[in-house]
Amino acid sequence: MKAVFQSIQDFSSEELMLLDDLITFRTLKKGEFLLKENQVCNEIVFIEKGILRSFFVNHKGDEITNCFAFENEFMASFASFITEDTAEESIQALADTELQVLDRKAFERLYQSGFNWQETGRKLTELEFVNLQKRMVSFQKLSATQRYEELYQNHQKYLQLIPLQYLASYLGITPRHLSRIRKAVFQDICLVK
């Protein structure tokens, strides 16, 4: 986690040492929940090992995946964390997962310690907003095939590590439609070679 924070902001060793007393550790088994819908998110986690999936249940009762997080990435219900309202989504481990955890009080202590931590919080919030904006625009501008091709080109680990039903949900399509798209994309790749 320290290395990621250092890549975002130029911290002194003393500023980074503040984390030593604030980070706690947690493990989740595959299938366990970090957060369930209608709970308040009071922590942001950093994934040392494993995969987390954020999803909500729509009006039909279908699970809709809205994001994944892998090793060396942060995960939370950011809207719930910021507003202290209940979360709209659940967060579940897709594999055995090891986490470093910073709770709300830890972030408050970091923010109170100085400008660099406040700036880091702002930058993390901005990155989350940009990712959300890109995802929203992709659903409005791109076809399902184009969204899959973008994953294929830029996020191979999604295709390698995520079960197909969750990947289909993330792309906004059925597993059957995903199978057709994968077959067509694979055929196009073979033709190019």
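Start by selecting arginine 147, which is buried yet has no salt bridge. Buried means under 20% relative accessible area, exposed means over 50%, and partly exposed is in between (1.4 Å probe, protein chains only). A salt bridge is a side-chain nitrogen of Lys or Arg within 4 Å of a carboxyl oxygen of Asp or Glu. Lys and Arg count as positive and Asp and Glu as negative, while His and the chain ends are not counted.

You are looking at a predicted model, where local features need pLDDT of at least 70, side-chain atom pairs count only at pLDDT 80 or more, and totals for chains, interfaces and linings use all residues. Residues are numbered from 1 along each chain as its sequence is written, and side-chain values use heavy atoms, with hydrogens and water left out.

Stay with arginine 147 and colour helix 6 (residues 144-154), where this arginine lies. Helices (H or I, at least four residues) and strands (E, at least two) are DSSP runs, numbered from the N terminus. Which backbone oxygen lies 2.7 Å from a polar atom of the side chain of arginine 147? Show leucine 171, and you will find that oxygen there.

Arginine 53 lies over the face of tyrosine 166, at 3.8 Å from the ring centre. Arginine 135 does likewise with tyrosine 170, at 3.9 Å from the ring centre. A charge sits over a ring if NZ of Lys or CZ of Arg is within 6 Å of the ring centre and within 35 degrees of the ring normal.

Next come the aromatic rings. A search of the whole structure finds eleven aromatic pairs. Rings of Phe, Tyr and Trp (its six-membered ring) pair if their centres lie within 6.5 Å; planes under 30 degrees apart count as stacked, over 60 as edge-to-face and the rest as tilted. Select phenylalanine 5 and phenylalanine 74: their planes are at 40° and their centres 5.4 Å apart, so this pair is tilted. The pair links distant parts of the chain, with phenylalanine 5 in helix 1 (residues 2-8) and phenylalanine 74 in strand 6, 69 residues apart. Both of these phenylalanines are buried.

Now move to helix 4, where phenylalanine 107 and tyrosine 111 lie four residues apart, about one turn of the helix. Are these two residues buried or partly exposed? Phenylalanine 107 is buried, with a relative accessible area of 5%, whereas tyrosine 111 is partly exposed at 31%.

Time to show the largest nonpolar core, which has 32 residues. A nonpolar core is a set of buried Ala, Val, Leu, Ile, Met, Phe, Trp, Tyr and Cys residues joined through side-chain atoms within 4.5 Å. Those with the most contacts inside this core are Phe5, Leu19, Leu52, Leu99 and Leu102. Strand 3 gives the most to the core, with four residues. A second, separate core has 19 residues, including Tyr166 and Ile181.

Finish in two loops. Asparagine 38 lies between strand 2 and strand 3, and has a positive phi of about 75° although it is not a glycine. Asparagine 72, in the loop between strand 5 (63-69) and strand 6, also has a positive phi, near 65°. Asparagine 38 is exposed, with a relative accessible area of 55%, and asparagine 72 is exposed at 52%.

Conventions: Polar contact = N/O pair within 3.5 Å; in protein donor to acceptor, adjacent residues only side chain to side chain.
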